[in-house]
Amino acid sequence: MTITLTINGRRTTATIEPGERLSDLLRREGFMGVKIGCRAGDCGACAVLLDGRAVNSCLVFAAKADGAEVVTVEGLEREGRLHPVQEAFLDEGGIQCGYCTPGMVISAVDLLSRNPDPTEGEIRRALSGNLCRCTGYVKQIRAVQRAAAAMKGGGTDA
Amino acid sequence: MPERPEFTVVGKGERKVDGRALVTGKPVFVADVRLPDTLHVKLLGSPHAHARILSIDTSEAEAMPGVVCVLTHENTPPTRHTTAGQGYPEPSPYDARMFEDKVRFVGDRVAAVAAETEEIALAALKAIRVEYEELEPVLSIDDARRDGAPVIHDEEDSAGIYDADRNVVADVDIDVGDVSAGFDASDVIVETTCETQYAQHAPIEPHVVYSYLDNNGRLVLRTSTQVPFHARRIVAQTLGIPIRSVRVIKPRIGGGFGTKQEVLLEDVAGLVTLRTGRPAWVGLSRKEEFVASRTRHPMRVRVRLGAGSDGVLRAIEMEAVSNTGAYGAHGLTVLANAGSKTLPLYNKAPNVRFYGQAVYTNLPVAGAYRGYGATQGYFPLETAMDELAERLGIDPIELRRRNHVRVGETSPIFEKLGEGREGVEQTIKSCELERCLEIGAERIGWAEKRGKKLRDGPRVHGLGMTIVMQGSGIPRIDMAAATIKMNEDGSFNLLIGATDLGTGSDTILAQIAAEVLAVPLDRILVTSSDTDLTPFDVGAYASSTTYVSGTAVQRAAEKVRGQILEVASAVLGASAESLRLADESVVAPGGERMSLADVCLRAMYESDQFQIAATASCVPAESPPPFLANFAEVAVDTETGRVEVLHYVAAVDCGVAINPILAEGQMEGAIVNGIGYALTEEMLISSRGRVRNPSLFDYKIPGALDVPRLEVILVESYEPTGPMGAKSIGEVGINGPIPTIANAIYDAVGVRLRETPFTPERVLAAMREVTVA
């Protein structure tokens, strides 16, 4: 079947297999920022924004994205400028191997779009679906706090 | 301690050099790049823990449309090798074949299918008919060691197994002084036996390899490995092809923690490509990663301590039995490290014995895992120290103070027990354990909270502490090399075999080069881990990279600096010795300057032309340990048995932290991995040897909600033998959580947990036992 969706602001028409996962479609379309860690919704490495909300794209049928707006980590940059969450992950050392990073960043962007001033507990909850084996989460949590502060101060269109 | 020089780039929390690519989702991992015409390879795993393959019929699978190649023991090289990516000759036995007519654990490799799509490959696996003769499985350490146990490695052509007939992979026995005399002379003796579980590394990226032929017909393996050079050597050995016909490239990889120190899939991908001429992709599913990659060696370790009433140790005896699973990868060395990385910490004991064995079972295969045996050894050692403190009526911190190794001291264990053979003598030249203890005790509130059994509802709080160490590389075995060449804008290419698994080693090695060459970090362009382009390095294991590879980089940079000064000397009219580098320039004593760009332009185009470049190597003469004091506050729920870590303080001496943010990150990640290992992580195995929880849903690694308040304090020292005063920090953090949490549980509720993980069931059972007693 054929679906039409918007990926990172670009309207795309794709032919999909019945039962195909959104994660597989996105990778097939070249969005390699969508990582595969379990294909079971346990690790969160494949998280993307689907109509503005973070989802594990391995648990979403591609067909369900027909007419939807999808943002992957590749779509967060604006005119060569990183999203404040991305900047904060770089500055705070929230990235080690980087395999969980795209999903983690997507979850943080989703959180801050709904809650610009989250508590540490709210940040932990928002990131709890994204497993990271490298960092121990300390610096990722701090990165989200830093991004929240930056976004309040600086004003971005995220 | 020696003076720390003033640094410009070193000691700064610079952004990772690969950070921007990672945070924007660039296609930098193995699975992100595919050539057209790629074959998908899937593996058939054994359903039995122990069986002989009587026959294997692949005709139906081979006849399926889209199936291109099927590999079994009948059509693949029978070379015995080890999958352990260690230096040559490897201290692990040659007991593995690519495929074999015997399977030794559930999930052991039986066949591989390469097909046009993954679906076809999976369907073809189901069409392979295998007739097995089931053999009695060996499913525990005790089972393996009993008389008349089935022999797991009964083949004739394995090599390097200590006693195959008795399922013993390795045997270690070393003695210093006279332990029985030491115990006789002791006022107090404690003995404790602890057991650790099967645990998994669980990198978020499972093992994956992509292979193809380059335009000259050479085999290229883009692989998620910690050991590109060992992988090249072992693949060549296994497939019977020259090393020169293989190129291994490690792109970014999604974590390793030791499991990618194994050469697991490269041989299969490579052989498919050589047979078909086509690119081939092999990636483990999460389930396969749990079942058929590698695990931490489960161990049973007994420790006996004897001390005088003064609290000074007179004797230590440690006996370890390690379960290496179906193959002996790292069997000897992990066993040896349970002693060699723990016992030198308490060098006041004049009488020390370490002995033990690693045994085969028909269970998942163990391998290298961050901490590498030390983690298993510290559990009983630090538990016994806590018991000893109580028996002596001495504060646990004070007991450590009276016994831990100090600057200017040595331990005979360094020399007696090395990496599966004799070790290397060394004197400790940096150790800030005293300050670590002081700072840690203050941060956790030791004086106020210890022994107070603070209640909060049904929960009781307790405090525990431990000290641990590791090493910095394998002395006189590890080797690292670095090449630096200069470009005419004053930038430099840094070519290193060192392998960044996400640790940030590309970044800290670039910081070292930038420091020596007096340039900002972005003038150092890093290319790493490509066996064609970068010089040799053993790879990322044994906490070697910062110390060993870092020294190689520093030496290469110093050589390049020397060449730069020579070139500038002719122009500036001053002797090279009188010149120095600062702010991307050569500076003469009178203040005249020549920019690095001008130096390189002159060398390339103007006079006595040559490429400013140098290669340097490092084989370390010693392995200075990083030292760590751990403190934890836990709350134990007396109704449910649930243990929560409320606050964890880790004060660590890693010498100079080349990049403090990355050094903290190493500690934080290792500690959280250790907390998972202590509390929730356990591979459950059925009575037939099958892993029952092969998913990240059923095998619980910590998430963001599970992490306590975690404070890492870098207590700086200056290691005179290290690059820029640094020691390595990659592993030491994981040794702390198990015994620290166990000791805190004891402080809270008075029970000793001697089996990991400390699940609510085990805690409750232990509490009941105490109540009944």
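The model is predicted: local features need pLDDT of at least 70, side-chain atom pairs count only at pLDDT 80 or more, and totals for chains, interfaces and linings use all residues. Residues are numbered from 1 along each chain as its sequence is written, while chains are lettered from A and ligands numbered from 1 in the order in which they are written.

**Exercise 1. Describe the side of chain B that touches chain A.**

Start with the counts. Chain B brings 43 residues to the contact and chain A brings 42 residues. Two residues are in contact if their C-beta atoms, placed from the backbone, lie within 7 Å. Next, find the elements. On the side of chain B that touches chain A, α1 (19–23) and α18 (660–679) of chain B give two or more residues. Helices (H or I, at least four residues) and strands (E, at least two) are DSSP runs, numbered from the N terminus. The most comes from α18(B), with eight residues. Last, sort by class. This side of chain B holds 21 nonpolar, 14 polar and eight charged residues. Ala, Val, Leu, Ile, Met, Phe, Trp, Tyr, Cys and Pro count as nonpolar; Asp, Glu, Lys and Arg count as charged; the others, Gly among them, count as polar.

**Exercise 2. Check the length and burial of α16 of chain B.**

Take the length first. Helix α16 (545–572) of chain B has 28 residues and should span 40 Å at 1.5 Å a residue. The expected span is 1.5 Å times one less than the number of residues. The end C-alpha atoms of α16(B) are 38 Å apart, which agrees. Now burial. In α16(B), 20 of the 28 residues are buried, so this helix is largely enclosed by the rest of the structure. A residue is buried if 20 or more other C-beta atoms lie within 10 Å of its own, exposed if 12 or fewer, and partly exposed in between; C-beta atoms are placed from the backbone. Just after α16(B), B:Gly573 has a positive phi of about 65 degrees.

**Exercise 3. Is B:Phe257 buried or exposed, and is B:Asp608 buried or exposed?**

Begin with phi. Most residues other than glycine have a negative phi, and most peptide bonds are trans. B:Phe257 has a positive phi near 65 degrees. B:Phe257 sits in the loop between β12 (246–249) and α7 (266–276) of chain B. B:Phe257 is buried because 31 C-beta neighbours lie inside 10 Å. Phi of B:Asp608 is positive too, near 45 degrees. B:Asp608 is in the loop between α17 (596–606) and β26 (613–618) of chain B. B:Asp608 is exposed, with 9 other C-beta atoms within 10 Å.
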